[in-house]
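Subject: Structure handover

Hello,

I am passing the structure on to you.

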Amino acid sequence: MTDGQERAWTDLAARYVLDAPRDDAATSVRPGAAIDPREVWGRDAPLIVEIGSGQGHAIIHAAVSRPEADFLAIEVFTAGLARTMLGAERAAVENLRLVEANAPEVLEHLLPPASVDELWVFFPDPWHKNKHTKRRLVTPEFATTAAGAVRDGGTLRLATDWEQYARQMREVLDAAPEFERAFAGEWADRFDGRVLTAFERKGARAGRAIRDLSYIRQRRE
Ligand SMILES: C[S@@+](CC[C@H](N)C(=O)[O-])C[C@H]1O[C@@H](n2cnc3c(N)ncnc32)[C@H](O)[C@@H]1O
């Protein structure tokens with residue numbers, strides 16, 4: 001990390017980063033470690049969670065434009081979290097917290113069930129080589145975990161510039177009984193709450209189509 005990023009961890013982590021009780025691995029979350037969002041953000045407000053927030057561009061922009069909602073950025077990339085803290089400080093953002101942890105474990109153990117209003121997965125690592133596709137985040141197991149965290153009527157939004165991964169996401173979520181498509185055609189319209197990040201720009205410059213998907217969490221029985 002650069003000196004600035006080291007400073008972010010020293011000076012800003014107490015303000016922005018949630019403490020996640022760990023299991024065995026450094027980015028794990030111990031079962032039973034659930035937070036109370038009302039305590040963390042100091043109010044009762046819609047909660048929007050981004051998985052793999054990178055340098056924080058999308059979530060900082062969203063947190064600034066929607067002060068009535070609370071935001072959680074989940075990331076395992078330490079330098080990215082530092083840049084997010086620096087960006088949040090610059091923008092004087094109060095409604096954003098960060099957690100350095102493996103996203104599925106955050107959904108399962110750190111967030112209370114049915115506590116998330118919107119869950120965002122924008123440009124997750126594509127693992128596009130055939131031998132690596134099994135490392136992808138969006139799988140049937142992920143759909144079940146996401147369904148546990150998102151409240152009834154809440155939204156799951158995804159975007160990717162890798163056609164084959166977009167089809168995998170759609171296949172997985174179409175098959176998940178907890179979710180229903182929130183778009184009519186082949187793909188959802190581009191989510192207008194998302195700013196253009198380097199990953200989206202790079203995909204578009206390489207001539208790849210950007211695919212958006214959105215799903216509604218069905219009512220629990
Ligand atoms: C391709 S980048 C996209 C970043 C950002 N969404 C954007 O559009 O600029 C994917 C990010 O997901 C993070 N990531 C990958 N697996 C993760 C996991 N299991 N939990 C949390 N973050 C993860 C990576 O560290 C990386 O920063």
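This is a predicted model: local features need pLDDT of at least 70, side-chain atom pairs count only at pLDDT 80 or more; totals for chains, interfaces and linings use all residues.

Residues are numbered from 1 along each chain as its sequence is written, and side-chain values use heavy atoms, with hydrogens and water left out.

The ligand

There are 14 residues around the ligand, and Gly 52, Glu 75, Asn 102, Ala 103 and Phe 122 come nearest (a residue is near if one of its heavy atoms lies within 4 Å of the molecule). By class, this shell has seven nonpolar, four polar and three charged residues (Ala, Val, Leu, Ile, Met, Phe, Trp, Tyr, Cys and Pro count as nonpolar, Asp, Glu, Lys and Arg as charged, and the others, Gly among them, as polar).

A nitrogen atom of the ligand lies 2.8 Å from a backbone N or O atom of Gly 52. For Phe 122, a polar backbone atom is 2.7 Å from a ligand nitrogen atom. Thr 197 has a polar side-chain atom 2.9 Å from an oxygen atom of the ligand. On its own the ligand has 600 Å² of accessible area, and the protein covers 84% of that (Shrake-Rupley method, 1.4 Å probe).

The ligand takes up the space of the largest pocket. A pocket is an open set of points on a 1 Å grid over the protein atoms alone, where a 1.4 Å probe fits and protein lies on both sides within 12 Å along at least five of seven lines; lining residues have an atom within 4 Å of a point.

Binding sites in the record

An unreviewed UniProt entry places "binding site" at Glu 50, Glu 75, Asn 102 and Asp 125; such annotations may be inferred rather than shown by experiment. These residues span 76 residues in sequence, yet no two of their C-alpha atoms are more than 13.9 Å apart, so they gather at one spot. The lining of the largest pocket includes Glu 50, Glu 75, Asn 102 and Asp 125.

UniProt (unreviewed entry) also places "binding site" at Lys 129, Asp 161, Thr 197, Ala 198, Phe 199 and Glu 200. Their farthest two C-alpha atoms are 22.8 Å apart, so they do not all gather at one spot. From this set, Thr 197, Ala 198 and Phe 199 belong to the lining of the largest pocket.

Backbone angles

Ala 92 is not a glycine, but its phi is positive, about 55°. Trp 127 also has a positive phi, near 40°.

Regards

Technical notes: A polar contact is a pair of N or O atoms within 3.5 Å; within protein, one must be able to donate a hydrogen and the other to accept it, and residues adjacent in sequence count only if both atoms are side-chain atoms. A molecule sits in a cavity or pocket if more than half of its atoms lie within 2 Å of its grid points.
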